[in-house]
Amino acid sequence: MVSAGTTDIPVADEALITAETMGNRVQAIFDVGVAGIHRLLGESRQLRRARVLIVVAGMEGALPSVVGGLVAVPVIAVPTSVGYGASFHGLAALLGMLNSCAPNVAVVNIDNGFGAGYLASVINRL
């Protein structure tokens, strides 16, 4: 579980609780968005140990692509409706994630932490 900013944590928590409730072991890494990319890179060893990653981000939604380029496992991208400027209540992040260049990134709908946690659980059972 990776969260870009602190305002993304409620959606990330929803995904985390869903995945844990479905019997998965979950580790969370919060506040590692592209504006502080050094914090994400410091967690690269932990990221590479995961079987599936949920990446929650608002604003421009760039973090899932970055994470997708660092790992060789499925990345479930969750856009959030938080942000300022031209975020359009999560639409900017959703479109950014859908246009990801990383082929291992799949996207759920805006603020859909439940769907991401459920999908991660299904992937873990494969």
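These points cover the sheet, the helices packed on it and the nonpolar cores of a predicted model.

1. The sheet is open and has four strands, ordered β1-β2-β3-β4, with parallel pairing. β1 (2-3) and β4 (105-107) are the edge strands; each has a single partner strand, so one side of each lacks a neighbour in the sheet.

2. On the β4 side, β3 (residues 75-79) and β4 run parallel and are joined by three bridges.

3. Helix α1 (residues 9-21) lies across β1, β2 (53-57) and β3, and its direction is at about 160° to β2. Helix α4 (residues 63-70) packs on the sheet and touches β1, β2, β3 and β4. The angle between the directions of α4 and β2 is about 150°.

4. The largest nonpolar core contains 18 residues. Within this core, V2, L53, L63 and V67 have the most contacts. β2, α4 and β3 are the elements that each supply two or more residues to this core, and β2 gives the most, with three.

5. L63 deserves a separate entry. Leaving aside residues up to four places away in sequence, L63 touches V2, S3, A4, V32, G33, V34, L40, V55, V56 and A57. One of these contacts, V2, is also listed with L63 among the core residues that have the most contacts.

6. There is also a second, separate core, made of 14 residues. Its members include V56, A116, A120 and I123. V56 is also one of the residues that L63 touches.

Definitions and conventions
Residues numbered from 1 in each chain as written. Predicted model: local features only at pLDDT ≥ 70, side-chain atom pairs only at ≥ 80, totals over all residues. Heavy atoms only, no water. Pairing = 2+ DSSP bridges. Contact = heavy atoms within 4.5 Å. Axes fitted to C-alpha atoms, helices over the stretch in contact; angles between N-to-C directions. Core = buried A, V, L, I, M, F, W, Y, C linked by side-chain atoms within 4.5 Å. Buried < 20%, exposed > 50% of the residue type's maximum accessible area, 1.4 Å probe, protein only.
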